[in-house]
Amino acid sequence: MNVKSRARIGAALGVAALGLGVALAPAAQADPNPVTQYRTLAGVGSDTTQDVVNGLGNVVVNALGQKIIASWDATGTATVKTKATGCVINRPNGSSAGIDALRNAVDTNSGCLDFARSSRGPVDTSTTDLTWIPFAKDAVSWVKRSDSALPSDLTAAQLKAIYECTTTSLNGVTLTPILPQTNSGTRQFFLASIGVTAPGACVQQGVQENDGTVLDSAGDIAPYSVAQYTAQEKAVVTDRRGAAVLGSVGTVAPRNADKTLNLSFPFTRDVYNVVPTAKLTNATVSSTFVGSSSKVCAAGTTIANYGFGTLGTACGATTVKGER
């Protein structure tokens, strides 16, 4: 199957998954319900954190008990309407696309977006227009099919060789390394973690991330958010794992025996909500995102329920700025 077919199937499955998610847990699995419920803070972006932020949107309320956060998924309809007046925008798919959309809203003073979900940090920390606010801990491992003869443990060096296409088979199995679409924060973090600057020509690219159903042959491997894998396994969100099973890196498993995130895993990362730096003094933005006592950081039970690790006093820090 070529990359275009994989990407097309991945996108279709992503849309289908949204429908299934409504059946599993209606309010937490998709766009604001109803979509005409325009809440104070509108956000878009990361596939990895869309579900946990949807979950947070159900528990983070103002003094009147009204929900504050409206978060649109990475996939679905081509456009979303984020505010009651105007504000019909193309749906951003992934961390980088969400950040770009937020930056555009700031530059044009449209008021259409208030934050972006991001599973990666800023590329350029020399600027200060946007602020990355960490709220949870994740890890990125790799997956293979459960019926594959590929080893269950790979070193970072082996993964680098696989994604640079200098290693093309293991245990007699021809490898097909797979990557998410280019706006994916998971893609960017995974490649940086294994030291790959440019994927090799053998890599199939463009699938929707965190969707194990795209692994359709024994040699397929792909990066996967550990938190998303856990949430899907628990059926907190739509289960898109298919036959995918998590692999270890350098003999270190990505999860503990109780299936919580292993903080000793080599590829751990913070995940963020990104806000315009100029809005840090806005009372609603500040009380929702900023500081360890913010409404988001206080919702540790919800964060953990979606497979993420909590950050304790580091949650809500506003020291990470960047990207113009």
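Predicted model: local features only at pLDDT ≥ 70, side-chain atom pairs only at ≥ 80, totals over all residues.
Residues are numbered from 1 along each chain as its sequence is written, and side-chain values use heavy atoms, with hydrogens and water left out.

**First stop: strand β5**

Select residues 115–118, which make up strand β5; helices (H or I, at least four residues) and strands (E, at least two) are DSSP runs, numbered from the N terminus. Phe115 and Arg117 point one way from this strand while Ala116 and Ser118 point the other way, and all are buried, a word that means under 20% relative accessible area, with exposed being over 50% and partly exposed in between (1.4 Å probe, protein chains only). In a regular strand the side chains alternate between the two faces of the sheet.

Strand β1 (residues 41–45) runs parallel to β5 and is joined to it by three bridges, and Val44 stands opposite Ala116. Strand β15 (residues 268–276) is antiparallel to β5, again with three bridges, and here Tyr272 is the bridge partner of Ser118.

**Second stop: helix α3**

Select residues 95–108 to see helix α3, whose 14 residues reach 20 Å from the first C-alpha to the last, close to the 20 Å expected at 1.5 Å a residue (the expected span is 1.5 Å times one less than the number of residues). Its buried residues include Ser95, Gly98, Ile99 and Leu102, and what covers the buried residues of α3 includes β1, β5 and β15, where contact means heavy atoms within 4.5 Å. After the helix comes Asn109, whose phi is positive, near 55 degrees.

Select the side chains of Asp114 and Lys279, which meet in a salt bridge at 3.0 Å, N to O; a salt bridge is a side-chain nitrogen of Lys or Arg within 4 Å of a carboxyl oxygen of Asp or Glu. Asp114 lies in the loop between α3 and β5 and Lys279 in the loop between β15 and α7 (283–289), so the pair ties together parts that are 165 residues apart in sequence. Asp114 counts as buried at 7% relative accessibility, whereas Lys279, at 28%, counts as partly exposed.

Arg241 is buried at 16% relative accessibility, while Asp239 is partly exposed at 39%.

Then show Tyr229, since the charged end of Arg241 sits over the ring of Tyr229, 5.2 Å from its centre (CZ of Arg or NZ of Lys must be within 6 Å of the ring centre and within 35 degrees of the ring normal). Tyr229 counts as buried at 4% relative accessibility.

**Last stop: an aromatic pair**

The structure holds four aromatic pairs, where rings of Phe, Tyr and Trp (its six-membered ring) pair if their centres lie within 6.5 Å, and planes under 30 degrees apart count as stacked, over 60 as edge-to-face and the rest as tilted. Select Tyr163 and Phe190, whose ring centres are 5.3 Å apart with planes at 75 degrees, so the pair is edge-to-face.

How values were computed. Pairing = 2+ DSSP bridges.
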